[in-house]
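Here is a short briefing on one protein model. Please keep the sequence and the 3D view open while reading.

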Amino acid sequence: MGKILIFSAPSGSGKSTLINHLMQLGLPLGFSISATSRAPRGTEQHGVEYYFLSEADFRAKIANDEFVEYEEVYGGSLYGTLRSEIDRIWSEGKTIVFDIDVAGALNIKKIFGQQALSIFIQPPSIEALRSRLLGRGTDSLERIEQRLAKAEKELSFSPQFDKIVINDDLATAKAEVEKVVREFIF
Ligand code: 5GP
C-alpha cells in the first residue's frame with residue numbers, strides 16, 4: 001500500500017494553484033482525477049481535471065460500488081473518487097494527490113489513517129475569498145454566494161487536518177506545501 005496526500009480548502013483559496021505547482025516539481029506524485037456530474041468550466045477536459053460523467057452514469061457507478069467516497073456538493077453536482085484511480089496511481093509507484101472537499105478529505109483520512117496526510121489550505125479571510133472568486137469570473141453571483149456559505153462552514157473543520165497552510169503570500173505557501181510534502185513522501 002502506498003501513500004496519500006489529501007488537499008482540501010474552501011474554493012478560491014488558491015488550492016489548485018498550489019497543487020499545480022506541486023505536480024510540476026518532478027516528485028513521484030500522481031493526481032487523482034475525480035469523477036463529477038457537473039459540466040466542464042473554461043478549458044477543463046475529460047480525463048484531465050475530472051472525468052465528466054452524466055448524472056445517470058455517476059449513479060450507476062455508485063450502485064456498482066466503484067467509488068471509495070462520493071459527495072453531493074452544492075445541492076446537485078456529484079463528486080467522487082473512483083477506486084480505479086487509487087489502483088492506477090499506486091501501481092505506478094507514486095503517492096496519490098487528492099484535491100477534494102472537506103467532507104471527502106476527512107473520509108479518506110479516516111479510511112487510510114497513517115498512510116494519508118491531510119492538508120488544509122486556508123484563505124486569509126472570507127473577504128479575500130470573495131474577491132478571488134469574483135476575479136476568476138467563472139461562476140455566477142449566485143454560485144459564488146453558495147461557495148462562500150460553504151467556505152465558512154469548511155473553515156471550521158480546519159483543526160481536524162494534519163497540517164494547515166495559510167495561503168496569504170503565494171510564494172510562501174508554495175514553499176511550505178513543498179516542505180510538508182517532501183517530509184511526508186521521503
Ligand atoms: P469544483 O467544482 O470547484 O471543481 O469543485 C467543487 C468541490 O468539489 C471542491 O471543494 C473540490 O475539492 C470537491 N471535489 C473534487 N473532487 C472530489 C471528490 O472526488 N470527492 C469529493 N468529496 N469532493 C471532491
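This is a predicted model: local features need pLDDT of at least 70, side-chain atom pairs count only at pLDDT 80 or more; totals for chains, interfaces and linings use all residues.

An open sheet of five strands runs in the order E2-E7-E1-E8-E9, with parallel pairing. Helix H3 packs on that sheet. Helices H1 and H7 pack against each other at an angle of about 55 degrees.

**The sheet**

- The strand order is E2-E7-E1-E8-E9, and the pairing is parallel.
- Strand E2 (29-31) and strand E9 (163-166) are the edge strands, and each pairs on one side only.
- From one strand to the next, the twist averages 25 degrees.
- Four bridges join E1 and E7 in the parallel sense.
- Leu 5 has Val 97 of E7 as its bridge partner.
- H3 touches E1, E2 and E7 as it packs on the sheet. The direction of H3 makes about 140 degrees with that of E7.

- Helix H4 spans residues 102-112.
- Its buried residues are Val 102, Gly 104, Ala 105, Leu 106, Ile 108, Lys 109 and Phe 112.
- What do the buried residues of H4 pack against? The strands are E1 (4-8), E5 (67-73), E7 (95-99) and E8 (116-122). The helices are H3 (83-91) and H6 (141-155).

**The H1 and H7 pair**

- Helix H1 covers residues 15-23, and helix H7 covers residues 170-185.
- The axes of H1 and H7 are 10 Å apart, at an angle of about 55 degrees.
- Angles under 35 degrees count as roughly parallel and 65 to 115 as roughly perpendicular. H1 and H7 are therefore oblique to each other.
- The crossing of H1 past H7 is right-handed.
- H1 makes the contact through Thr 17, Leu 18, His 21 and Leu 22. H7 contributes Leu 170, Ala 173, Lys 174, Val 177, Glu 178 and Val 181.
- By class, the contact of H1 with H7 has six nonpolar, two polar and two charged residues.

**Gln 45 in its loop**

- Where does Gln 45 lie? The residue sits in the loop between strand E3 (34-36) and strand E4 (50-52).
- Neighbours within four places in sequence aside, Gln 45 is in contact with Tyr 50 and Phe 52.
- Gln 45 and Val 180 are 135 residues apart in sequence. In space, their C-alpha atoms are 29 Å apart.

Conventions:
Residues are numbered from 1 along each chain as its sequence is written. Side-chain values use heavy atoms; hydrogens and water are left out. Buried means under 20% relative accessible area, exposed over 50%, partly exposed in between (1.4 Å probe, protein chains only). Helices (H or I, at least four residues) and strands (E, at least two) are DSSP runs, numbered from the N terminus. Contact means heavy atoms within 4.5 Å. Two strands pair if DSSP finds at least two bridges between them. Axes are lines fitted to C-alpha atoms, for helices over the stretch in contact, and angles run from 0 to 180 degrees between N-to-C directions. Angles under 35 degrees count as roughly parallel, over 145 as roughly antiparallel, 65 to 115 as roughly perpendicular and the rest as oblique. A crossing is left-handed if the near helix is turned anticlockwise from the far one by less than a right angle, and right-handed if clockwise. Ala, Val, Leu, Ile, Met, Phe, Trp, Tyr, Cys and Pro count as nonpolar, Asp, Glu, Lys and Arg as charged, and the others, Gly among them, as polar.
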